[in-house]
Amino acid sequence: MRGMTRALRADARRNRERILDVAAEVVAEQGTQASLRDIARRAGVGMGTLYRHFATRGELLEALLGGRFDRLAERAAALRDAHPPGEALAAWLGEFASGLGVYRGLAASLVATIEDDTTALHASCGRMRAAGADLLQRAQESGDVRPDVDETDVFALLGAVGSIADTAPSLAPRRDHLLRLVMDGLAARR
């Protein structure tokens, strides 16, 4: 309900907050395709209440993830101002990749969001992606990252690393190592 002009009644606000708290747990357990019925049941509300607050799964995911994406975009700016370009990019990509492991199915949902500008998450995801692209460009201009890589390559590789835990949970502990391998592959050849 971003951009909502009218304040919610106290009981409606509590219901919304309870739905979001429970949704975070259920999505962490079941992934981004979690049962909305299960979310409503565990939050102690009816389906009508859930749908009054979040008309679609996309709106619920926007409420859960939009702020996270906005914070990643802000974090990119902070890193850009505080670190050399290659270090800023590496730190940001590490934070991005670790965030992908929070919710099962998030990597696949991000890919779908990037490609579909009608989704509720598209704008937040776009800001985050633009911030990452800026860090990439600066790292390329400084000679830290090879010039033949674009943002699509980087996000595809991160999506693959992020989805490791979804497809092969036994490889999840290797996520940081895999991210270092990706960073090594992005490094400019000198």
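1. Asp-38 is found in helix H2, which runs over residues 36-43. Keep in mind that this is a predicted model. Leaving aside residues up to four places away in sequence, Asp-38 touches Val-26 and Gln-30.

2. Now the rest of H2. Along with Asp-38, the buried residues of this helix are Leu-36, Ile-39, Ala-40 and Ala-43. What do the buried residues of H2 pack against? They have three helical partners: H1 (10-30), H3 (47-53) and H4 (57-82).

3. At the start, a side-chain oxygen of Ser-35 comes to within 3.3 Å of the backbone nitrogen of Arg-37. Just after the helix, Gly-44 takes a positive phi of about 75 degrees.

4. On annotation: UniProt, in an unreviewed entry, places a "DNA-binding region" at residues 35-54. In the model that span is 75% helix and 0% strand, and its end C-alpha atoms lie 14 Å apart. I'd treat the label with some care, since such annotations may be inferred rather than shown by experiment.

5. Over to H5. This helix has 16 residues and reaches 23 Å from its first C-alpha to its last, close to the 22 Å expected at 1.5 Å a residue. Its buried residues are Pro-85, Gly-86, Ala-88, Leu-89, Trp-92, Leu-93, Phe-96, Ala-97, Gly-99 and Leu-100. They cover an arc of only 155 degrees around the axis, which puts them on the same side of H5. As background, an α-helix has 3.6 residues a turn, so residues three or four places apart point the same way.

6. The aromatics deserve a point of their own. The whole structure has 3 aromatic pairs. In one of them, Trp-92 and Phe-96, the ring centres are 5.6 Å apart and the planes are at 20 degrees, so the pair is stacked. Why are these two separated by about one helical turn? Because they are 4 residues apart in helix H5, residues 85-100. Trp-92 is buried, with a relative accessible area of 0%, and Phe-96 also counts as buried, at 4%.

7. Trp-92 has another ring partner, Phe-155: here the centres are 6.3 Å apart and the planes are at 85 degrees, so this pair is edge-to-face. Trp-92 lies in helix H5 and Phe-155 in helix H8 (residues 151-162), so the pair ties together parts that are 63 residues apart in sequence. Phe-155 is buried, as is Trp-92. Taken together, ring pairs link Trp-92, Phe-96 and Phe-155 into a cluster.

8. Not counting residues up to four places away in sequence, Leu-93 touches Val-154, Leu-158, Leu-179, Met-183 and Leu-186. The C-alpha atoms of Leu-93 and Val-182 are separated by 10.0 Å, although the two residues are 89 apart along the chain.

Technical notes. Residues numbered from 1 in each chain as written. Predicted model: local features only at pLDDT ≥ 70, side-chain atom pairs only at ≥ 80, totals over all residues. Heavy atoms only, no water. Phe/Tyr/Trp six-rings, centres within 6.5 Å; stacked < 30°, edge-to-face > 60°. Buried < 20%, exposed > 50% of the residue type's maximum accessible area, 1.4 Å probe, protein only. Contact = heavy atoms within 4.5 Å. Polar contact = N/O pair within 3.5 Å; in protein donor to acceptor, adjacent residues only side chain to side chain. Expected span 1.5 Å × (residues − 1). Arc of directions from axis to C-beta.
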